[in-house]
2 protein chains.
Amino acid sequence: MKHIAIVGFESAGMTAAASASMTDPAAKITVIERRPYAIYHPCGIPFAIGGEVPDIQKLIEPAPPMPNVEVHTAMEATALDAKARKVEVQELKTKKHRTVEYDALILATGSYAFKPPIPGIALQGVHAVKTVEDGKAIIDELSRAKRGAVIGGGSIGLETAAALRGRGLEVVLVEELPSVLPNMLDPDMAGLVTERLRENGVEVICGQGVREIIGKKRVSSISVGGRELPADLVIVATGVKPEVKLAEEAGIELGETGGIKVDEHMRTDAEGVYAAGDCAETFCIITERPALSQLSTAAIQMGKVAGINAAGGEETFEGTLNTAVTTMFGLEIASTGLTTNAAKRAGIDSIAGRVRTLDKPRYYPGGRPITVKLLVEPKEHRLIGGQIVASDGAAERVNLLALAIKKGMIVEELSRIDYCYVPPVCDVIEPLMVAAESVLRKM
Amino acid sequence: MKHIAIVGFESAGMTAAASASMTDPAAKITVIERRPYAIYHPCGIPFAIGGEVPDIQKLIEPAPPMPNVEVHTAMEATALDAKARKVEVQELKTKKHRTVEYDALILATGSYAFKPPIPGIALQGVHAVKTVEDGKAIIDELSRAKRGAVIGGGSIGLETAAALRGRGLEVVLVEELPSVLPNMLDPDMAGLVTERLRENGVEVICGQGVREIIGKKRVSSISVGGRELPADLVIVATGVKPEVKLAEEAGIELGETGGIKVDEHMRTDAEGVYAAGDCAETFCIITERPALSQLSTAAIQMGKVAGINAAGGEETFEGTLNTAVTTMFGLEIASTGLTTNAAKRAGIDSIAGRVRTLDKPRYYPGGRPITVKLLVEPKEHRLIGGQIVASDGAAERVNLLALAIKKGMIVEELSRIDYCYVPPVCDVIEPLMVAAESVLRKM
């Protein structure tokens, strides 16, 4: 009987457990999770802060019943001996140590919120948005907080800024790079988002970092570009870093991105050890270069591959396009593949086509703007990126673009899809088709 | 200077004119349209009846300005001499005849509402839903009508039934086949639609045809399955037939579906004569058998190909999947490719996977059911059909499935798309992925 151990029980760990259990129903699967509870949904936290999810406890779920899977919570993996195939663990309640032996091990240790070295970041009233505990701490402050400052203009930062604004706070959002959502959107598309934030009363400062978080015990202001802005609640949403301590101390190779290096079977360089999810380094489908994904969706796919392979099956992970969607103040913002800057950094030429149209026929009341930007590699006409800002339907359209990019399609193919049409839902000429033709006219 | 004549100015004719004009800016393009106005939007008519489009006149638009395109309305093409490359036309106002000579001709004559040979179909109060005049006639009757009967459970029938119900009429919908939307949905999926219709007070009768429309001058009832149902407004939505009189009388070959036979360049068997849109026979991408599409979306694609080729360019039409969407009472219903019955008729084996899930994570309030059914050919695992019934997002998802089917993808590829996720918009595991895995488990 094979014994599979899994360290970490979020998207990757849970999917790995389920997939391993399905692949080898006779295997014994042991999950080691540091948290006192099994599953939680980190992407729900901004919406619990905003109140759309009325009870943050709802983000916590018990482990689903899976045959032959034992989930140990409040248990920390403290050391790994990959040669001997043993993990040292500590039960956090009893402080007892014990050893878990395995035939195959899956590291799904996830990531931790990156706190940049800003003076004052340890002050009271400064929070990350990564764990349920972070979320609870922020919610606890909502009643007395008046001025929120969000450091970081990625999707979690934007969602949290909108949440705080929705709770009645004055909010300033600070993004060090020249525009918001820099990993998802080109500056022109990001401008639509900034506009919507400002229309809803969020002050947006781009291109300047936070110099200092100021306060005695508690934060009272932040310093940005020579200005001191009052703030009694500061959110640090400057991204996450792969949690690789266990792997690193065990001598497992890390990649250039800082994630655990794996092959397409999610195998590390230690025999019998796999890694999946935020802690693992994957690769970009377009550039074929090492990349971190750190999205739940990719973690699930990686976890599935690791689980199947650890259980003796055969599956490969095909890389990431970092397909992502975020939403705030009635905008749905989605993106896949490379932005213009990311393409440039990778040495890939790109031509862009951007169109702004309505999501319904002009004669049908209630049509709302949808802006689509496509990036195409001009020699082969291959689609390499897609960005959509709309009121609705951005996510599903970007999923289509992700499929097209993954399959190496050329932009001509997008203009020939058999799209559907009914006036209350969509126009007879699909915006993706209009965007494709706009790129084609440029080429 | 090349002279291109186009007969008909709906989706196919208009796109043909625009594409021909772009392909050969020096060409002279003459459009001959029988209607007294240029463009109209037939798919908007049910929503004008329902009042969502408040003014049915908004469905009529002037021809957009296109260089070198002359659009003649109220002009009928009465005869075609394909050998001599001449069309006889009549100006309907002046009754004057004249001859239009052409180098290339595009037949975009569209389709007409098929009225089945039911006794009483010519009674007052019985209407098709094809032209703006049909729509106006129906709207004129709304103030006195109390009981509507809709014959035909296709998308136009359903949309019109919902429109009449929304206007306060009692409504019965009669579909001769065993379930509604028979060209789009399998009976199990159609059941979800019937349920929604009934919940909203529409009586649905399937598997029985209308025997007779009863009345003296005006309709007073219909006879279905031995029952006489009172009705003072009857809608005949039993589909459309290709309008091929001009082609047929000119000796141009028709296909087995009754549409004008064309090759992939949209060329008929008469030199220099192309056909596009509802009047033309195309082929199914999956079965490669002749098929009628009769959707605006396909007409646009066909018109584009015909226009480019007629102007000396080179483009091919790649066939149809009949990707379609309809909406009523808050449901969005979309479909692409083959239904189980259509696959059976074509001699193609299929395995189905159907899943019902929520369109948001369980912890996020307001999630609504989404049901996805995928049909897969079991030997090669090729996707051959997709059906979705949801509150939202069915259209965009079905567009993705249409792309996958067109590119010959296997169902495994659907379970590996780089999907996006954010709680207010969609769940971390995309319903298409759940459906793909449900099929895979069966195989």
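I first noted that helices (H or I, at least four residues) and strands (E, at least two) are DSSP runs, numbered from the N terminus, and that the expected span of a helix is 1.5 Å times one less than its number of residues. The model is predicted, so I kept in mind that local features need pLDDT of at least 70 and side-chain atom pairs pLDDT 80 or more, while totals for chains, interfaces and linings use all residues. Residues are numbered from 1 along each chain as its sequence is written, and chains are lettered from A in the order in which they are written.

I checked helix α9 (residues 394-406) of chain A: its 13 residues should span 18 Å, and its end C-alpha atoms are 18 Å apart, which agrees. I then looked up burial (20 or more other C-beta atoms within 10 Å of a residue's own, all placed from the backbone), and found 13 of the 13 residues of α9(A) buried, so the helix is largely enclosed by the rest of the structure.

I next superposed the copies (by least squares on the C-alpha atoms of residues with pLDDT of at least 70 in both): chain B can be laid on chain A with an RMSD of 0.0 Å by a turn of 180° and a shift of 0.0 Å along the axis. The two are thus related as by a two-fold rotation axis, and in chain B the C-alpha nearest that axis belongs to B:Leu400, 2.5 Å away.

Counting contacts (C-beta atoms, placed from the backbone, within 7 Å), I found 54 residues of chain B touching 54 of chain A, with α9(B) giving the most to chain B's side, 10 residues.

Methods:
Two residues are in contact if their C-beta atoms, placed from the backbone, lie within 7 Å. A residue is buried if 20 or more other C-beta atoms lie within 10 Å of its own, exposed if 12 or fewer, and partly exposed in between; C-beta atoms are placed from the backbone.
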